[in-house]
Structures are given as C-alpha cells and as structure tokens.
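Trainee: Could you walk me through reading this structure? I would like to learn the general idea behind each feature, then see the case here.

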Amino acid sequence: MVTRVLIANRGEIAVRVIRACRLLGIGTVAVHSQADADSAHVLMADQALCIGPAPVRKSYLDQAAILAVAEVTGADAIHPGYGFLSENADFADRVEAAGLTFIGPTGATMRIMGDKISAKRAMRAAGVPCVPGLDEGLPDDPARVVAIARDIGYPLILKAAGGGGGRGMRRVDREADLLDALAVTREEGRSAFGNGEIYAERFLTHPRHVEIQVIADTHGNALWLGSRDCSLQRRHQKVIEEAPAPGIDAAKIAEVGERCAQACRSIGYRGVGTFEFLYEDGSFYFIEMNTRLQVEHPVTEMTAGLDLVELQIRVARGEALPLAQADVACRGHAFECRLNAEDPETFAPSPGLITAWQMAGGPGVRVDSHAGAGYRVPPYYDSLIGKLIVHGATREDALARLRAALGETVVEGIRTNLPLHRRLVDDAAFGTGGVDIHHLERMMAGDAA
Ligand code: ADP
C-alpha cells in the first residue's frame, strides 16, 4: 500500500515527486531543514515538518528524524529522490524494517551495485559488456600486480571498489608509476570509503558517457527505456544531457539495452535504475549502475512519452509494469540543461536572492524547478536551481528549441551558468553531436590559453 509518501529530499526533485503523487491521488509529506522553510516543496506538500538545521548531516541525512516524521504523519512510503539517502542501503533496510515501502530497490541490491567490483562481476555474468580488466581486487604481491597490469596494458585506471562521486580513481600511464599510484589509491579508498580494495581496468582515452534507463517491477518484468548521452561534463558533473545518444546505431543500443533489462531480471532488480557506460570506437563498456532516479530522467520521459516517477511509485506498490518492451518507443529528441547558481567561468557557487525569473515556454518546453523570483538560493546545498528540458521531432529541431528557450530565460540577482549553456548550444562540435567527455574541459582550457 502506498497512500502517503514522505519525500526525503528537497529542491526540484522533491517538487517533481510531489507532482507525480498528486496525479496518482497519493498524499505527500515534505521534510525540510530550517534553511528551506519557505521552499516550494514545503509549500506544495500536504504536510511539511522541519527536521533540523541547514547542514545536511543534521537534516536531510538524519535517518532517525526522517523515520520519526513518517511515523507521526502516517506516511507509508518514502521516496528518496537522488543524492542524499537515495543509494544508502542501510537506510533502505531501515525503512522496510519500519514496515514502510522504500521507493527504490532493496538494500541488498544496492549493496551489490554500490561495490564497483561486485557490480562489474554481476554485470559481466549477465552478459553486459564491461571495461577490460580483472573483476577482483588487486593482490598485495607487487610482482603479481605488475603482471596483471601488463595484461591490461597502459594507460590503465586504478579504482577503489567503494569509490564514488568521481573520487578514488587514478590514471596510470607507465609501469614505473604503478605501485606508488596503487598505494595512494588504496589509502584514499581506506580513508574516504572505509574500503582499501582496488581494481584495475583499461583507461579509455576519448569515451562518450552513454547510459541506459531501466525500470523493473516485482513480477519479473524489466524494460529498458532508451539511451541518454551525458558527455558534456565538467569535473564529472553533467551539464547538458540528451536522449537518445546521437549517432549510435539503434540496433546496437537495443542490443545493450536488452542486456541491461536481462541483468535486472537476473539480479531481481526493482524500480528505476541507470546503467552507465563509456562508449568508445563503437563499443560499450559498463562502468556503474545508479540504483535511483537520475537528475536527467526528463529527457527519457520526453522521448519515451512516460512518467518515470509515476511508474516508479506504481511498481513500488506492487503493480506490474503496464507496458511491454514492444510498447516502448523513442520519439524525437530531447535535451536538458542543468541551471546552476554558479559563476559561469569559475563555477564557484553563487547563492543569494533571485530578483528576476523568467522561464521559457511554448511547444516542447518543460521546466522542472523549485525556484522563482524572490527565492533565496541557500548556500548549503548543491547549486541546481532548475532544469530546462526541450523536445523536438529531430535533434536539429530540439536544438533550435533549446536555443530559443535559452534566449527567453532570465535569471537575475545571482550568477548562473546560462551564459555557458548559450555558448554550448552554438558550439559546432556539440551541434554535430557525439562529443567525448573531455570536450567541455578542452573548450574551457582553450579559453584560458
Ligand atoms: P563514480 O562512481 O566516482 O562516478 P565512475 O566509475 O562512474 O565513478 O567513473 C566516473 C568517471 O571517471 C567516468 O564518467 C569517466 O569520466 C572516468 N572513468 C571511469 N572509468 C574509466 C575508464 N576505464 N577509462 C577512462 N575514464 C574512466
């Protein structure tokens, strides 16, 4: 039963989840920090309770406080959004132990996918293509480490099994650097993630970031819902995403998509999830699975014509998926720009009062946001203030709509990355499609030179 959902998040994603609950006639409970007392999600939810001061450890990450709110408000399910507790297996277990529905996979599944080595092993077993390398931790014996590295070849990348957020990884270009790099990465793994296990795989030099959206129910059905390209990144932070990934043969994407859906069936996955791949020279290489809703889910919604949050809630309450793979289509093309309160050149956060806010509209334009004129962007959380999403019949049409929509968009009072977006939509290589993950940083480095 899901009759009242507590949203353990803030910002645009909390608003997004509340909208889906409304459509389904489900009650909503918002939790918030003192800094978010007049935030949109607080005003929109049927009920809202403050769970602590601004710092996330004392509010949005306070599991006991969130569970206490669920109890006093009679919420019977918790939606974790993305970030915060969304990939915390212990939290998922606690929610279920309290007799509530966690809108996401089980803690056990999250644990497998949260360890990069066990995730890779599970994916390889399910037939998903992975980056060449051993699916096990490197031994202590230096001679064996050197031998394993020679087999993989240089450059290679050392990765902490427990790593995340772009940390705990190190590129190694030559054998002379290998053992020192391993010692440093091991130490980093131990101190940052409490896990000194390190593995090695081939370093890909010019990959694209291509991902596959999946959804699975508790009746053994799993579907893949198309591809996304998120190669425009800076410091592993995505800036613009699109669906489908341009210039890749649809049959090739379908083949990988099928493998992902099959992997979901074989591990008993439930809910929405994303398989992230590096794509280089015509091949896909699995790097990790995200066991939650992604920031960029709207581009899939626009091209697949589905409401992913609605489906997520439906499968969480035990319904079978209402469609089969043959019913899933990819129509047209979609882009998403992440609007951030940050300096467009230095990327330093720019919190403060928004004095003017004008969002674009018209056919094929969608804005997901919690902000507006008079909203004060707090300095405590990530800088995402909204997402501008556009859809068109072709990539060209969508790009033209995006350009026009960015032209209509006004945010004043704080600095935003709007100038960067306006520049990117006029970039020739991005216009052609298929740039690699280093494109944006190369472009910024070119400015500095
Ligand atoms: P995290 O969980 O920290 O995000 P990922 O495994 O998803 O780590 O990798 C993050 C990023 O690191 C990738 O998007 C890519 O830019 C880079 N990366 C990871 N593995 C490789 C690889 N084998 N070759 C080249 N770059 C890689």
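Mentor: Happy to! Let's begin with helix axes: an axis is a line fitted to C-alpha atoms, for helices over the stretch in contact, and the angle between two axes runs from 0 to 180 degrees between N-to-C directions. Keep in mind that this is a predicted model.

Trainee: At what angle do the axes of α1 and α11 cross?

Mentor: Helix α1 (residues 11-23) and helix α11 (residues 308-316) have axes that cross at roughly 65° and come within 9 Å. The crossing of these two helices is right-handed.

Trainee: Which residues of α1 and α11 meet?

Mentor: From α1 come Arg16, Val17, Ala20 and Cys21, and their partners in α11 are Leu308, Val309, Glu310 and Ile313. By class, this contact of α1 with α11 has six nonpolar residues, two charged ones and no polar ones.

Trainee: Now the ligand, please. Which residues come nearest to the ligand?

Mentor: There are 19 residues around the ligand, and Lys159, Gly166, Arg202, Leu204 and Glu288 come nearest. Sorted by class, the shell holds eight nonpolar, seven charged and four polar residues. Strands β6 (156-160), β8 (198-202), β12 (271-280) and β13 (283-290) each supply at least two residues of that shell.

Trainee: Which atoms of the ligand lie 2.9 Å from the side chains of Lys116 and Lys159?

Mentor: For Lys116, a polar side-chain atom lies 2.9 Å from an oxygen atom of the ligand. As for cover, the ligand taken alone exposes 550 Å², and the protein buries 92% of that.

Trainee: What should I look for in the backbone?

Mentor: Start with the general rule: most peptide bonds are trans, and most residues other than glycine have a negative phi. Then look for exceptions. Tyr154 and Pro155 are joined by a cis peptide bond with omega about -5°, and Pro155 sits in the loop between α7 (142-152) and β6. Another cis bond links Ala243 and Pro244, with omega about -10°.

Trainee: Where is Pro244 found?

Mentor: Pro244 is in the loop between β11 (237-243) and α9 (250-267).

Trainee: And what is the phi of Arg235 near?

Mentor: Arg235 has a positive phi, near 50°, though it is not a glycine. You will find Arg235 in the loop between β10 (222-234) and β11.

Notes:
Residues numbered from 1 in each chain as written. Predicted model: local features only at pLDDT ≥ 70, side-chain atom pairs only at ≥ 80, totals over all residues. Heavy atoms only, no water. Near = heavy atom within 4 Å. Polar contact = N/O pair within 3.5 Å; in protein donor to acceptor, adjacent residues only side chain to side chain. Areas by Shrake-Rupley, 256 points an atom, 1.4 Å probe, with all protein chains shown as cover. Helix = DSSP H or I, 4+ residues; strand = E, 2+ residues; numbered from the N terminus. Nonpolar A, V, L, I, M, F, W, Y, C, P; charged D, E, K, R; others polar. Left-handed = near helix turned anticlockwise from the far one by under 90°. Contact = heavy atoms within 4.5 Å.
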